[in-house]
Amino acid sequence: MAAPENALNLPLIAIVIDDVGVSPRRVDAVLSLPAPVTLAVLPYAPHAARVAAAASASGHEILLHLPMESASGTDPGPQALLGSLSAEAFNQRLHWNLVQFKGYIGVNNHMGSLLTQNQDAMHGLHAVLRQRGLMFLDSRTGPRTVAGAIGRSMGVPVVERDIFLDNIISAENIRAQLLKTEDAARRTGFAIAIGHPHDATLAELRQWAQEAEARGFRLVPLSAMLNARRRLDSAALTGE
């Protein structure tokens with residue numbers, strides 16, 4: 001979807017909700033969020049294609065929430081990308097994930113703290129994303145991720161998560177993380193926060209979104225961050 005007009009040049013905030021579709025009872029609640037919120041749909045979720053279509057029909061941008069290997073050993077789910085896979089098996093699993101539904105603008109990693117450290121795997125992933133014209137959101141689930149750097153070096157449009165909203169699931173913590181998101185947006189002109197379809201997260205986001213512009217921010221779909229990121233990179237290169 002097109003980004004809302006920003007005549008006041010407000011700092012931009014993109015909110016991404018991960019794990020959409022894995023809890024069918026929460027799908028309607030997620031779809032009722034303000035449309036600038038971007039939804040990341042798990043490809044193995046029940047009725048993933050139907051959920052993605054409903055999200056698009058509700059005006060949301062959607063991502064494919066790609067399951068990847070975690071350093072903790074936690075199971076990322078069926079058809080996850082693993083570092084131990086052969087190149088052929090890796091590409092077969094990647095293709096399976098990418099064809100589960102349509103209409104997504106890009107992908108972000110579900111878990112992936114181990115795989116996003118793997119340079120060969122990230123080169124293989126980004127070669128396919130570049131071929132398909134997809135963007136990549138590095139959820140930054142581990143401190144050693146090379147996913148964003150490799151994607152940018154290969155010409156894939158890349159943005160990176162700034163804040164996790166709900167690693168601690170409480171209204172107080174989520175409000176505090178939204179304030180950190182605002183602080184990040186004030187510093188650079190934009191910020192990306194990731195949350196999950198927990199009841200507390202959805203409730204806090206609905207309240208916050210109603211007040212965002214009055215607080216001096218503009219809520220935008222994730223794709224709007226690509227131009228913001230390019231402007232920041234350009235300013236860094238020119239020394240402005």
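Q: Is arginine 215 buried, exposed or partly exposed, and what makes you say that?
A: This is a predicted model. Arginine 215 counts as partly exposed, because its relative accessibility is 36%.

Q: Which side chain does arginine 215 meet in a salt bridge?
A: Glutamate 182, at 2.8 Å, N to O. Glutamate 182 lies in helix H6 and arginine 215 in the loop between helix H7 and strand E9, so the pair ties together parts 33 residues apart in sequence.

Q: And glutamate 182, buried or exposed?
A: Buried, with a relative accessible area of 1%.

Q: What does aspartate 183 pair with?
A: Aspartate 183 meets arginine 186 in a salt bridge of 3.0 Å, N to O. Both lie in helix H6, three residues apart, about one turn of the helix. Salt bridges with shared partners join Glu182, Asp183, Arg186 and Arg215 into one network.

Q: How many salt bridges does the structure hold?
A: Nine. One of them links glutamate 160 and arginine 140, at 3.6 Å.

Q: New topic: H4. Which residues are buried there?
A: Ala121, Met122, Leu125, His126, Val128 and Leu129.

Q: What do the buried residues of H4 pack against?
A: Strands E3, E4 and E5, plus helices H3 and H5.

Q: What caps the N-terminal end of H4?
A: Asparagine 118. One of its side-chain oxygens lies 3.1 Å from the backbone nitrogen of aspartate 120.

Technical notes: Residues numbered from 1 in each chain as written. Predicted model: local features only at pLDDT ≥ 70, side-chain atom pairs only at ≥ 80, totals over all residues. Heavy atoms only, no water. Buried < 20%, exposed > 50% of the residue type's maximum accessible area, 1.4 Å probe, protein only. Helix = DSSP H or I, 4+ residues; strand = E, 2+ residues; numbered from the N terminus. Contact = heavy atoms within 4.5 Å. Polar contact = N/O pair within 3.5 Å; in protein donor to acceptor, adjacent residues only side chain to side chain. Salt bridge = Lys/Arg side-chain N within 4 Å of Asp/Glu carboxyl O.
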